[in-house]
Amino acid sequence: MGLPKDDAATLSARWTEGVLLKRDVFSTVERGRFREDSGEVDAVLRRLDQVPLWSYPLAQHLFVRERRALALARDLDVGPRLLWAGRQALVRGFIDGVALHLAKPHGDIGYFRSAKLALRKLHRAGICHNDLAKEQNWLRGSDGRAYVTDFQLAACFKTRSRLFRIAAYEDLRHMLKHKRSYAPAALTPMERKILARKSLVASIWLKTGKKVYQAITRGLFNFTDREGGGRRLVNDAPVLSALIRKNPEVRDTAIVAFADRRTGVGLYAFVEADKVALEKQLRSELSSAKGVKPPEHIQVVHALPRDAAGKPRTEILQLVAMNQLDLIEPLITSDIDRAFLKDILESRKNLRDRFNFESSELNSRPN
């Protein structure tokens, strides 16, 4: 399936391909640059031309919902700005920031204050997002503010009907669940009451509709979306990690997922060990194991970046695997992290799908 001629002509003239962010049965999403009348800007493209025929009707429905919501929210400054929309593709502005599950804004009261304001603006415009339980749909901008993205399930209302009020309430409740995870001490008594009280529609959905939804998406569509990693991150990564750790020369490993233009979702294994040559041995061992596909990339590093609890900082590793190097700088918290990055960036493996995003600030900092 190809794009309609008008869509293809516009993208051919104005779109510069960049980094693939995600590919599933509902769309392909990539980051690149879009030429407006005033010049090129960083942008994100969603397109439907690589969607399977059996999932296309639902993909088209989700696309239309997102296009309508983005058009209505264009000037609210709480999400990506709609730059162009066709019949099977749309381009939205790129927000300089990282997803909530990568940013991990522990104790950041200002972030959640801005998140509440963002919801207020959306709801005043008659837009309910309907998918804010996912951390990857919340962004922490480089300015510290909260932004929302991925409006595929959004609903637009002309009046403040009962259904609108229920959907808006659930948007707020899901935002407060994230606040409870990262800044629990900042919850007000009223916010705690909201968290404790689901709407009747939400309660019924959890007991009935959600089970049907999961049966369809995970069964019929074979679709799992844990932080964008799909089934391979959920099912294969733990098995591969256990196999890698069996090698006596391995101190630790961390596996993250990245979008791949050929396979859909790839796995990238970062292995903490002293010998770089260990990579070939590990690949041979994993290839001989039955029942699981080896990672597309294995990179041996002298030390993994770690948080205060000693756990590998997968949020940094995720951005390295996805070649979004310009987003790493705000996540660096120590000279040890910076030294690790200098070492890993020069020898990273996923070079087929990369783009010249600016990362001079990161590379020019002293170790």
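This is a predicted model: local features need pLDDT of at least 70, side-chain atom pairs count only at pLDDT 80 or more; totals for chains, interfaces and linings use all residues.
Local features need pLDDT of at least 70 and side-chain atom pairs 80 or more, while totals for chains, interfaces and linings use all residues. Residues are numbered from 1 along each chain as its sequence is written, and side-chain values use heavy atoms, without hydrogens and water.

**Exercise 1.** State how many helices and strands the protein has, and what share of its residues is buried.

*Solution.* Take the elements as DSSP runs, numbered from the N terminus: helices are H or I, at least four residues, and strands are E, at least two. The protein has 12 helices and 13 strands. Now apply the burial cut-off: under 20% relative accessible area is buried, over 50% exposed, partly exposed in between (1.4 Å probe, protein chains only). Of 367 residues, 52% are buried.

**Exercise 2.** Decide whether helix 10 is largely enclosed, and identify what covers its buried residues.

*Solution.* Start with the range: helix 10 spans residues 314-321. List the buried residues: Glu315, Ile316, Leu317, Gln318, Leu319, Val320 and Ala321. That is seven of eight, so helix 10 is largely enclosed by the rest of the structure. Next, find the cover by contact (heavy atoms within 4.5 Å). The cover includes strand 6 (97-99), helix 3 (100-103), strand 11 (252-260), strand 12 (264-272) and helix 11 (335-346). Finally, look past the helix: Asn323 follows helix 10 with a positive phi, near 60°.
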